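Biologist: Can you load the model and walk me through it? I'd like to start with ring packing, then move to the residue marked in the record, then the sheet.

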Amino acid sequence: MSSTSFTSLSFNTASSWNLKRREGGKAYVRCGSRASSENTVRVGVLGASGYTGSEVLRLLANHPQFGVALLTADRKAGQPIASVFPHLATQKLPDLIAVKDADFSYVDAVFCCLPHGTTQEIIRGLPNHLKIVDLSADFRLRDISEYEEWYGQPHRAPELQKEAIYGLTEILREEIRNARLVANPGCYPTSIQIPLVPLIKAKLIDIKNIIIDAKSGVSGAGRSVKENLLYTEVAEGINSYGVTRHRHVPETEQGLSDAAHSKVTISFTPHLMPMVSHALGSVLSDIIFPAYKTNTCPSPFDQIRGMQSTIYVEMAPGVSTEDLYQQLKRSYENEEFAVLLGNGVVPRTHSVRGTNYCLINVFPDRIPGRAIIISVIDNLVKGASGQALQNLNLMMGFPENLGLHYQSLFP
């Protein structure tokens, strides 16, 4: 068949592909997750105009069983998703609507990508037939008084909090499989708990002396316009934030305390790394800062997404770093997305960019009896939307890796 002999052609593949003719006989392809097949799970994305919402849509484009049936974004209602995220223009997706106008009768599951503090009332009003993965922090803390302390407002759906399951997939897989409402973990807690939970359960480290130095790309701060996140405020610098009071502290301590069966208190300091992709940085530095571009001086730009947690622990008496390594190896040897690297290999954020992987390793400290654990993730994928898809796969009875076979973008 020649490129000019058709007007429309559809292929029944993992994503729906529509091949149409333009003027002059040139063809273009539109790709989008199926929402019409009777075997397709019809998915809604609430808050599709944010970073986690757009990342969910990127991942769903190659999912063989999930089709996008509904997109909401109150401030962008009436607009096509391509006007908000041009990189999604090739997908065949519904236009954005306000949550109040959404009809959930033809939706099977939703990703709730709304801001913290807005989700509880909305989820409380959703039909009971829906499977829900909430990417906000609104259902992560089991203790509603603790939620009020850290988030500055009372919990508005305490009855739902009782049924919410914390969605750290590698640790709580069976609970997630049977859940209706899953509270997707935060990015920092994911990168910290994956390496620490097995070590705490095995009583290999002292739970009273855990120090975490964590760094995130600027995308971790979300898409809202804030003065402290303007380019001139954050570019070419590193800054600590939420010192002693970051909201991911109680969530992390909750998970580590569950593993220890006693209260765990951590020392945690996050840092914002205003990074841009290295490839883009090389181009920009050639144009803007040609004097910096030498063989020995790297680009002043790095990456927007990526997270590293460097964790300092004191080992239990008689325990070695090799013991820690072997415990992590046993815990994750059959896991696809939690990956222990070879001895001596340092995890790097660019190795997980755009993927659902968490790469970890453990090293001996110079101080006897102590060890250093390094964990890296893409904060928008394993730290948010990828883990959310992993969880919904489980909830719907599909293999949890479905739609998540992305390798890192490098260089």
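Modeller: The notes below take those topics in turn. This is a predicted model, where local features need pLDDT of at least 70, side-chain atom pairs count only at pLDDT 80 or more, and totals for chains, interfaces and linings use all residues. Residues are numbered from 1 along each chain as its sequence is written, and side-chain values use heavy atoms, with hydrogens and water left out.

Biologist: How many aromatic pairs are there?

Modeller: The count is 4 aromatic pairs. Rings of Phe, Tyr and Trp (its six-membered ring) pair if their centres lie within 6.5 Å; planes under 30 degrees apart are stacked, over 60 edge-to-face, and the rest tilted. One of the pairs is tyrosine 147 with tyrosine 151: centres 5.0 Å apart, planes at 15°, so it is stacked.

Biologist: How many residues apart are tyrosine 147 and tyrosine 151 in helix H4?

Modeller: They are 4 residues apart in H4 (residues 144-151), so about one helical turn separates them. Helices (H or I, at least four residues) and strands (E, at least two) are DSSP runs, numbered from the N terminus.

Biologist: Are those two tyrosines buried or exposed?

Modeller: Tyrosine 147 and tyrosine 151 are buried. Buried means under 20% relative accessible area, exposed over 50%, partly exposed in between (1.4 Å probe, protein chains only).

Biologist: What about tyrosine 188 and phenylalanine 268?

Modeller: Their ring centres are 5.3 Å apart with planes at 70°, so that pair is edge-to-face. It links distant parts of the chain, 80 residues apart: tyrosine 188 is in helix H7 (residues 187-201) and phenylalanine 268 in strand E13 (residues 267-273). Both residues are buried.

Biologist: Which ring does the charged end of arginine 245 sit over?

Modeller: Tryptophan 150, at 4.0 Å from the ring centre. Arginine 58 lies over the face of tyrosine 406, at 5.1 Å from the ring centre. The rule asks for NZ of Lys or CZ of Arg within 6 Å of the ring centre and within 35 degrees of the ring normal.

Biologist: On to the record. Where does UniProt place "active site"?

Modeller: At Cys187, in an unreviewed entry. UniProt positions use the numbering here, feature names are shortened, and annotations may be inferred rather than shown by experiment. Cysteine 187 is in helix H7 and is buried, at 12% relative accessible area.

Biologist: What does cysteine 187 touch?

Modeller: Leaving out residues up to four places away in sequence, cysteine 187 touches His248, Met307, Ile377, Asn379 and Gly383. Contact means heavy atoms within 4.5 Å.

Biologist: And serine 191, buried or exposed?

Modeller: Serine 191 is buried, with a relative accessible area of 0%. It is in helix H7. A polar atom of its side chain lies 2.9 Å from the backbone oxygen of tyrosine 188. Beyond four places in sequence, serine 191 touches Met307, Ser309, Ile311, Ser375 and Ile377.

Biologist: Now the open sheet. What is the strand order?

Modeller: The 7 strands run E6-E5-E4-E7-E8-E10-E9, with parallel pairing. E6 (96-97) and E9 (165-166) are the edges, each with a single partner strand, so one side of each lacks a neighbour in the sheet. Two strands pair if DSSP finds at least two bridges between them.

Biologist: How many bridges join E4 to E7?

Modeller: 4 bridges join E4 (residues 41-46) to E7 (residues 109-112), and valine 43 has alanine 109 as its bridge partner in E7. E4 and E5 pair over 6 bridges, also parallel, with leucine 71 the partner of valine 45. In E5 (residues 66-72), 7 of its 7 residues are buried.

Notes: Polar contact = N/O pair within 3.5 Å; in protein donor to acceptor, adjacent residues only side chain to side chain.
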